[in-house]
Amino acid sequence: MSPEAGRPAPDAEPFHADGGAVGVLVLHGFTGSPRSVRQWAEHLAAAGLTVRAPLLAGHGATWQELGKTGWTDWYASAEKSFGELNQRCTQVFVAGISMGGCLAFRLAQTQGAKVSGLVVVNPSLAGDNPMIPLAPVLKYVVKSLTSIGGDIKKPGTEEKALKRTPVAAVATLPQMWKTTSARLSDVTQPLLVFRSTVDHVVGPASDKVLRAALPGAEVRPLANSYHVATLDNDAPEIFDGTLAFIQKHSIEPQIG
């Protein structure tokens, strides 16, 4: 089905692979789709892991469809896939990029010991744009803004995010950040953070929140990628680092 019909584009479809007893939930970012994390998910699946990369509610088709949803809907999508993995696997790790990273932290808070560890890439935890707090009012005047997608350094690589950003959906982001950051220090699971040194989407405010709440977190810099680092020059470092992290914290030694 075409995106115009409210269905996800063919390359925006969810990814799933059934492997061993260790599962990984991989979450895409705001206005994106599983396309931005598919290679990441495939790399983990190739190592024998059971992997799910769901299409979060409202994403993958049109900005109008996304505008009908908010952060609690996206979290519900993530939680549903996590529940499926938890039923199937003895351990479940959660990985995410940008807004998907924020949802990963939220799952760690709500699911507790069911989450064996987290890997996040350029997690979105706060807003740098002074216009964002105005979105709840602005949405009645302006329906959409220029796309925030496609922040990739590598030539010839496309994220294929939505071409417009719905203001109504943006208006729900501050509550997501507030809810998650309020309990960020409660996240005690093993954690690995990848952070691009140049990021035109998620600015220093998110990094400040992260370091204040979790000062001991391991943060690995990505010197040759922009925001969508899972499709950028440093993607292999993320993929290999994620697998090594899961191997380190897994009770299943045969991974990889």
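A nonpolar core is a set of buried Ala, Val, Leu, Ile, Met, Phe, Trp, Tyr and Cys residues joined through side-chain atoms within 4.5 Å. With that in hand, let's look at this predicted model.

Q: How many residues does the largest nonpolar core have?
A: Trp74, Val94, Leu103, Phe105 and Leu118 have the most contacts inside this core. Helix α4 gives the most to it, with seven residues. A second, separate core of 32 residues includes Phe15, Ile97, Leu243 and Phe245. The largest core has 42 residues.

Q: At roughly what angle do the axes of α3 and α4 cross?
A: Helix α3 spans residues 71-88 and helix α4 spans residues 99-111. Their crossing is right-handed, and the axes come within 10 Å. The crossing angle is roughly 65°.

Q: How many nonpolar residues are in the contact of α3 with α4?
A: On the α3 side, the contact is made by Trp71, Trp74, Tyr75, Ala78, Glu79 and Phe82, and on the α4 side by Met99, Leu103, Arg106, Leu107, Thr110 and Gln111. Two of the contact residues are polar and two are charged. The nonpolar residues number eight.

Q: Which residues of α4 does Trp74 touch?
A: Beyond its neighbours within four places in sequence, Trp74 is in contact with residues including Phe30, Leu56, His59 and Leu173. Its contacts also include two residues that α4 brings to the contact with α3.

Q: Is Cys102 buried or exposed?
A: Buried means under 20% relative accessible area. Cys102 has 0% relative accessibility, so this residue falls under that cut-off. Cys102 is therefore buried.

Technical notes
Residues numbered from 1 in each chain as written. Predicted model: local features only at pLDDT ≥ 70, side-chain atom pairs only at ≥ 80, totals over all residues. Heavy atoms only, no water. Axes fitted to C-alpha atoms, helices over the stretch in contact; angles between N-to-C directions. Helix = DSSP H or I, 4+ residues; strand = E, 2+ residues; numbered from the N terminus. Left-handed = near helix turned anticlockwise from the far one by under 90°. Contact = heavy atoms within 4.5 Å. Nonpolar A, V, L, I, M, F, W, Y, C, P; charged D, E, K, R; others polar. Buried < 20%, exposed > 50% of the residue type's maximum accessible area, 1.4 Å probe, protein only.
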